[in-house]
Amino acid sequence: MESPRTVESGSRSSGRTSVIESIRGCTLAGARIHKEELRRRITMPEYVRVAMREAIQTKDLDSVKRHFDSTHSEGAEQAEPPESPLVVFINSKSGGRHGPELKARLEELMGEEQVFDLQAVKPHEFVQYGLSCLEKFAGLGDICAKEIREKLRIVVAGGDGTVGWVLGCLGELHAMGREPVPPTGIVPLGTGNDLSRSFGWGGSFPFNWKSAIKRILDRVTSAPLCRLDSWKLVISMPAGEELEAPHSLKSVEDSTLDQELEIEGPLPEKQSYYEGVFYNYFSIGMDAQVAYGFHHLRNEKPYLAQGPLSNKLIYSGYSCKQGWFFTPCSSDPGLRGLKNILRIYVKKVNSSKWDQIPVPSSVRSIVALNLPSYGSGRNPWGHLKPDYLEKRGFVEATADDGLLEIFGLKQGWHASMVMVELISAKHIAQASAIRFELRGGEWKEGYMQMDGEPWKQPMDKEFSTFIEIKRVPFQSVMIHGDT
C-alpha cells in the first residue's frame, strides 16, 4: 500500500505543476504504449460486456443465465479473463469540448460497453446491476467473470464532484458485504481537481490528451493502492425553514447526534435532518458565500463559464464584488466574525471526549479539510515543522489519518496570502469528530459548502442548528498515479 507520506508529498508539488504536467503530456516520456496491446489487457470478453450493459439498461439480472448458457454449452471454449479489466465512468459535460471526444477515444481503447457516460448510467446502477451481473456469472461457475470481478479497477473521468459521487456508490459495497471494492483512478476534467492532485493524477487535463489517455489507462492497471477517509455530515435544524440542499445533501426522516455531548438549551418541537458525505472539505462563512454567489451567477449566465480558466477568473472577480476584500458583511462590523454565531466542539487527536474550542474573533471562514490539496492544489494548513506539531498537539496531516484539519481564513487579503502559500491559515484544531452549533441572533442565514457545493443555511434566533461530522467507518481504495 502507498504510504500516507507519499500521498501528501505528491500533492505538495501538484498544486504548482499542473501546467508542467499538461506540457509533459505532449512529450514522449516513457515507453511507447501500443494500442492493441493495451486493449487486449483491459477489455473484457464480449459476452460479459454485453450482459453487463443489458442488465444495467433493463435493470434486471434475468438475462444473465441466458448469456451464461449460450457461452458455456458442452464443448464450448471458455473465455480467458483480461489481465487488468477496467471500467470507465465519464462525465461528458466536464472538460468543455473534450468530454464527448474523450468518451469516443476511450471506446476505441476498450470495449465500448465498458465506458459509462454518467449522463446515461448512474454509478449506483452500475453497482446494483453491472457488478451484480459479474457476481451472478461467478455464482453460476463462470471463472472468467469471477476473476474480472476480483481484479476490476475503476477510472473516473471528471471533476472532484464526479469522483466523490462514484466513490460514494462504490462504498455501498462495504455495507452490503460485497467485497472487494474496486479501486479508483482519476482523469482530471474539473476546475479544482484536488482529489486528482492528491492521488498523483495531476491537476489538469493534458494538452496532448489522445496519447496521454493511453498512458493513464496503462498506469491504472498496475499503479499501487492507497486509502482515503470520507466523512459523514449530519445537519439538525429547526423544522419549518426551507433548505435548498445541494446534490450532496439528502433529507432524511430522522437522525441522531452524538449523545456523549450534551446539548445546552431548549430544542424545538420539530426538527429537520439532512445527511451527506464529503471527501475533501466542509466550510462555513465567507468563502461559502462567495461560492454560492458564483454558482448562481454561472447558472444564470452559463456562457460566462466555458472552462476552468474562465471559471477561476469569474470566481476571483466575484470574491471582490461580494466584499470579502473591501466591505463589511453587515451594518455592524462586530457581526462580521463567525464567533458571534458559532460554537465548535471537537474530539482531538487520541481523545475520546468532546472539548469546546474557541472561535478566533477575526475569522470569517472556517474550513474542515481532509486532503492536503484545497482550492486547486493549495495547502492552507501548511507544511508544519515537528516542533510546532508537538507544541500544538497535532500530527502530520494525511488523507487517511482519521483526522480533519480545522483552520480559519480572515478577510480576503489573508485568504489570498494563504492561497498563494506565503503564509499558513489560522490553525484551530485537528479532530476525529466535530460539532458546529449555530444560532442566528441578528443573522438570518449563513453560508456553507461541502466539496464545492454551496448552500444558504437558514438560522433561527431562538433555537440552534447543529452540524456534526464523523468519519465513515470504511475507507475508499484509491489508485495512486505517481509510480
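Let's start in a sheet, where strand β6 (residues 231-238) and strand β8 (residues 271-278) run antiparallel and are joined by eight bridges. Helices (H or I, at least four residues) and strands (E, at least two) are DSSP runs, numbered from the N terminus, and two strands pair if DSSP finds at least two bridges between them. This is a predicted model, in which local features need pLDDT of at least 70 and side-chain atom pairs count only at pLDDT 80 or more, while totals for chains, interfaces and linings use all residues. Residues are numbered from 1 along each chain as its sequence is written, and side-chain values use heavy atoms, with hydrogens and water left out.

Within this pairing, Met237 has Ser272 of β8 as its bridge partner. β8 also pairs with strand β7 (residues 249-252), in the antiparallel sense and over four bridges; here Ser251 is partnered with Tyr274 of β8. β6, in turn, is joined by six bridges to strand β18 (residues 465-471), again antiparallel, and Ser236 stands opposite Phe466 in β18.

Now follow the sheet across. It is open and has seven strands, in the order β7-β8-β6-β18-β15-β10-β11, with antiparallel pairing. At its edges are β7 and β11 (355-357), each pairing on one side only. From one strand to the next, the twist averages 20°, taken between axes that are lines fitted to C-alpha atoms, with angles running from 0 to 180 degrees between N-to-C directions.

Finally, visit Ser84, in the loop between α5 (63-71) and β1 (86-90). Ser84 has a relative accessible area of 10%, so it is buried (under 20% relative accessible area, with a 1.4 Å probe and protein chains only). Leaving out residues up to four places away in sequence, Ser84 touches Arg41, Ile42 and Thr221, where contact means heavy atoms within 4.5 Å.

Definitions and conventions: Buried means under 20% relative accessible area, exposed over 50%, partly exposed in between (1.4 Å probe, protein chains only).
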